Amino acid sequence: MAADVVRKTLRLLFGPVPLPQGFPWPRLAQTGVWGVRIAFLPALFLAMVQCNFLWLFGASPSLTRIADPDLAIASEVWSADSVLLGRYWTQDRIPVPRDDIPPALVDALVSTEDARFFQHRGIDLVAPFAVAWSAIRGDARGGSTLTQQLAKNLYDTRRSTSKGLLGRIPGIRQVVWKTKEWLTAVQLEFFHDKNEIILLYLNTVSFGGATHGILSATRFYFDKDVPDLAIEEAALLVGMLKAPSLYNPVRNPERARERRNVVLHQMFRYGKLTLPVRDSLSALPISLRLRQANPADGPAPWYRTALSNWLRDWCRRTGYDLNTDGLVIRTTLDSRLQEIGDSAVATWMRELNRRFEGHWGSQNPWRYSNGREIPHYLDSLALGTARGRSLLARGLDTTEVLKDLKVRKRRHLFTWKHGRVDTLVSVQDSIRITRRLLHAGFVVLDPSSGAILAWVGGIDHELFPWDHVGSARRQPGSTFKPFAYLTALRQGWTPCDKLVDRPVTIAYEENGERKTWSPHNSDWTNTLDSMTLRHAMGRSINTVTAQLTMKVGPAAVSRTARAMGIRSPLDTVPSIGLGPNPVTLLELATAYIPFQNGGNAFAPWFVDRIEDRSGNLLAVFRPRPRRALPEDISWMMLHMLKGGVEEPLGTSQNLWSFELFRGGGEMGGKTGTSSDHADGWFVGVSPALVMAAWTGADDPSVHFRTGELGEGSKTALPIVGKFLEAVYRRRDLPYKPTKFPGPPPGLARSKWSCPTPWDTYRDTSAVDSTAAPASPSTEVGGGASPSILSRILPWR
């Protein structure tokens with residue numbers, strides 16, 4: 001088929017023309033036909049290039065793409081209070097409107113790149129003569145118009161998929177490229193006026209690296225917006241267009257300055273600058289104020305990472321490209337709450353790590369549960385690093401590898417005294433330092449909708465990107481107990497029903513093997529008192545929780561937790577109520593929402609709506625409440641959470657050290673501590689917010705040794721306290737100390753009103769651990785031996 005087309009076409013172009021028999025002047029007729037053919041050949045060639053005849057010339061942009069150019073534009077993420085949180089991009093490009101382009105930038109561009117721009121229609125017929133004359137004078141210059149450059153930049157006309165068969169032949173390749181750029185330039189001029197072409201050019205052109213478009217360049221080099229560009233700054237950017245690497249003002253400041261002055265001279269030559277202005281601007285040094293563009297830049301980096309996963313899934317389902325489609329994502333995050341959360345975590349974790357260093361001093365904190373130091377801990381971790389594995393793969397023995405890993409080299413580290421530092425340190429010592437750090441996670445949710453308001457995934461995102469809010473799973477300890485008590489309420493129990501704090505031994509079967517379990521309280525004692533469920537949960541009594549779990553059934557506790565929002569795997573063992581199953585901080589906070597809002601469960605959500613770059617609405621996301629609890633049971637659970645603050649020896653009473661209760665404000669919550677004090681937890685509920693915090697080392701074998709320092713009430717609760725205290729002080733936020741709603745109509749007071757008299761208990765050392773402390777040890781305070789860090793990093 002294709003061969004027939006070629007044969008017929010060649011015959012039509014070059015074959016003899018059949019004439020009627022007896023036609024006069026046949027030679028003259030044939031000559032005329034050939035003249036028409038020769039005149040028609042250029043038009044035919046252009047048509048063949050445009051339609052990619054027989055795949056010889058490669059694809060050209062369609063008229064639709066020329067009329068409506070499709071730029072690769074970064075997507076923007078905005079907070080609920082209209083603060084830019086960050087961008088997702090492969091090319092850092094955000095288009096600017098024509099009104100934002102200063103006249104000096106247009107003058108510099110046209111004077112330098114295409115002085116006859118406003119006279120031609122895409123192809124400048126005078127340009128080839130000007131190029132030849134410049135070459136004769138030894139000042140080589142290009143002959144492409146701005147519109148031709150735009151065609152090349154916008155549609156990448158020289159990429160491999162645009163070559164075609166003839167594009168693989170040297171010499172012919174350049175002819176094909178230029179022809180396509182001429183055709184595209186003429187079409188661009190047909191569909192767009194001169195101002196639109198200049199705007200497209202400035203929004204498209206690369207200024208080196210990942211910096212695309214004038215706004216990206218202006219922000220990167222001068223940390224300002226386009227309308228604020230000075231004349232000499234505009235000239236510098238225009239000068240870079242000839243060769244962005246060669247005239248880069250960071251790497252080649254002298255060359256960039258010379259090129260900038262060439263642009264200023266061109267502006268003077270074409271009457272855009274006076275001679276004194278040109279000379280004064282040319283004498284100025286280059287002044288930069290760099291702002292590095294990075295997709296990870298911006299507040300709430302852990303939140304934006306989790307958000308990007310959600311967005312990419314949405315884009316796969318809807319056909320959008322997060323990095324190139326210029327989406328505008330309006331999130332639920334409140335930048336003011338995020339800022340306060342960041343500050344609360346940073347402030348408290350600096351203090352908590354100081355206490356941890358004082359607690360251990362020069363001793364190593366990686367310990368078995370019996371308190372014995374884990375042998376060869378650093379060696380095994382060092383051998384598992386990329387450097388260690390590489391050396392072992394080369395055949396070196398362990399001794400040689402460990403010797404190499406003790407050589408000091410320049411590495412990035414994080415310390416609370418100096419923050420992120422670049423210093424000389426060995427692999428082993430860098431592990432020693434980082435393994436002694438305590439980390440944190442903190443999340444704030446709106447209980448009326450499940451909206452995520454703040455998200456702090458750790459202490460330093462660049463060095464520790466692992467997210468302790470949505471990714472890390474750790475044992476929640478006593479923060480899981482409310483699900484055991486909730487199960488009892490669902491089965492007809494009330495907060496005023498009583499159980500005895502007594503020793504218990506529970507027989508059960510696991511994998512066909514009969515076992516027994518004897519839970520104990522964190523202080524290894526039992527009061528033998530009969531106490532209300534509210535008091536037992538407020539004090540976090542393990543023996544009462546264990547008894548209650550067996551009465552309602554471990555499987556029922558598991559189903560209750562699932563109904564509230566727990567998604568992690570749950571083993572239905574007798575100890576389930578004490579929190580042995582690892583969960584994420586986000587799902588734990590989510591599961592507390594029905595306790596606060598009258599019984600509605602919500603999935604946590606990131607995005608309010610998504611728009612295109614023109615502001616057209618693409619999608620709206622509204623939470624769908626799911627009735628998880630009857631209103632009376634929800635209110636009784638909230639009443640029990642308040643017990644941690646109001647009941648004698650309640651484990652949440654550390655909240656009283658913060659200004660949260662002025663004017664009769666109320667607060668509830670539950671503390672939690674896993675075995676050996678490896679994890680500290682606190683979930684707090686206020687009349688308007690649900691807040692959850694976690695603290696601990698990345699390795700659970702690294703932890704405090706005593707409940708006085710390591711309980712969740714001492715490690716995690718202060719983050720919530722500091723956060724909410726700061727929130728209440730902000731006048732620009734709608735959150736103030738208030739009371740919770742009263743009991744729903746019809747709920748008998750006798751079911752919930754049973755406060756424990758304060759004079760019943762005089763001990764004030766409330767603890768919340770789900771297990772006993774490690775073996776007794778002497779507390780190390782200010783007089784401890786010097787910290788190991790002071791020997792590794794003398795400047796610390």
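1. Two strands are said to pair if DSSP finds at least two bridges between them. In this predicted model, strand E6 (residues 439-445) and strand E18 (residues 690-696) pair in the antiparallel sense, over 7 bridges. Within this pairing, Val-444 is placed opposite Met-691 of E18.

2. E6 and E18 belong to an open sheet of 5 strands, ordered E7-E6-E18-E17-E16, with antiparallel pairing. Its edges are formed by strand E7 (452-456) and strand E16 (668-673), each of which pairs on one side only. On average, and with direction ignored, neighbouring strands of the sheet are turned by 5 degrees against each other.

3. Two helices that contact this sheet deserve attention. Helix H14 (residues 335-360) lies across E6, E7 and E18, and runs at about 30 degrees to E7. Helix H23 (residues 585-596) also packs on the sheet, where it touches E6, E7, E16, strand E17 (680-685) and E18. The direction of H23 makes about 35 degrees with that of E6.

4. The structure holds 2 cavities of 30 Å³ or more. The largest cavity has a volume of about 80 Å³. It is lined by 15 residues, of which Leu-438, His-677, Ala-678, Gly-696 and Phe-704 are the closest to its centre. H14 and E18 are the elements that give two or more residues to this lining. By class, the lining of the largest cavity comprises 7 nonpolar, 7 polar and 1 charged residues.

5. For the second largest cavity, the volume is about 40 Å³. Its lining consists of His-468, Ala-472, Arg-474, Thr-584, Leu-585, Trp-681 and Trp-694. These residues divide into 4 nonpolar, 2 polar and 1 charged.

6. Of its 20 lining residues, Ile-73, Pro-95, Val-96, Asn-203 and Arg-613 are the closest to the centre. Helix H8 (residues 194-204) supplies the largest share of this lining, namely 4 residues. The lining of the second largest pocket has 12 nonpolar, 4 polar and 4 charged residues.

7. A further point concerns a helix pair. Helix H9 (residues 214-222) and helix H10 (residues 231-240) pack at an angle of about 115 degrees, their axes being 11 Å apart. Their crossing is right-handed. On the H9 side, Ile-214, Ala-217, Thr-218, Tyr-221 and Phe-222 take part, and they meet Glu-233, Leu-236, Leu-237 and Met-240 of H10. This contact comprises 7 nonpolar, 1 polar and 1 charged residues.

Notes: Residues numbered from 1 in each chain as written. Predicted model: local features only at pLDDT ≥ 70, side-chain atom pairs only at ≥ 80, totals over all residues. Heavy atoms only, no water. Axes fitted to C-alpha atoms, helices over the stretch in contact; angles between N-to-C directions. Left-handed = near helix turned anticlockwise from the far one by under 90°. Contact = heavy atoms within 4.5 Å. Nonpolar A, V, L, I, M, F, W, Y, C, P; charged D, E, K, R; others polar. 1 Å grid on protein atoms, 1.4 Å probe; cavity = no way out; pocket = protein on both sides within 12 Å on 5 of 7 lines; lining within 4 Å. Points joined across faces, edges and corners; volume = space filled by probe spheres on them.
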